[in-house]
Amino acid sequence: MATKKAAKAIDGTTGYAEAIGELESILDELESNDVDVDVLAEHVKRASELIELCRDRIGNAKLRIEEVVAQIDAD
């Protein structure tokens, strides 16, 4: 059964922690071995979207940290 979170589109408002929580929820459901094939496909698609979002958030955080460190070094 698809969750409400799984139906939510990634629009930039999903936070990193929320995305990780949703990924963990998807993983728990997939590990139950009772997943319908159609639901499995939806979960895999949603998981890939969430992973992409997490990678983007980590990349942006890394850039901001590098900017702050560069500014500190410049001072």
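The side chains of Lys62 and Glu66 meet in a salt bridge, with 3.9 Å from N to O; the term stands for a side-chain nitrogen of Lys or Arg within 4 Å of a carboxyl oxygen of Asp or Glu. Both residues belong to helix 3 and sit four residues apart, about one turn of the helix. An α-helix has 3.6 residues a turn, so residues three or four places apart point the same way. Lys62 is exposed, at 53% relative accessible area, and Glu66 is partly exposed, at 42%. Here buried means under 20% relative accessible area, exposed means over 50%, and partly exposed lies in between, with a 1.4 Å probe and protein chains only.

This is a predicted model, in which local features need pLDDT of at least 70 and side-chain atom pairs count only at pLDDT 80 or more, while totals for chains, interfaces and linings use all residues. Residues are numbered from 1 along each chain as its sequence is written, and side-chain values use heavy atoms, with hydrogens and water left out.

The structure holds four salt bridges. One of them joins the side chains of Glu22 and Arg46, at 2.7 Å from N to O. Glu22 lies in helix 2 (residues 16–31) and Arg46 in helix 3, so this pair ties together parts that are 24 residues apart in sequence. Glu22 is buried, with a relative accessible area of 3%, and Arg46 is buried as well, at 2%.

Arg46 also meets Glu49 in a salt bridge, at 3.6 Å from N to O. This second pair lies within helix 3, three residues apart, about one turn of the helix. Glu49 counts as partly exposed, at 27% relative accessibility. Through shared partners, salt bridges join Glu22, Lys45, Arg46 and Glu49 into one network.

Helix 3 itself covers residues 37–74. Helices are DSSP runs of H or I with at least four residues, strands are runs of E with at least two, and both are numbered from the N terminus. The expected span of a helix is 1.5 Å times one less than its number of residues.

At the start of helix 3, a side-chain oxygen of Asp36 reaches to within 2.8 Å of the backbone nitrogen of Asp38. Further along, the buried residues of helix 3 include Val39, His43, Ala47, Leu50, Leu53 and Cys54, together with Arg46.

Notes:
Polar contact = N/O pair within 3.5 Å; in protein donor to acceptor, adjacent residues only side chain to side chain.
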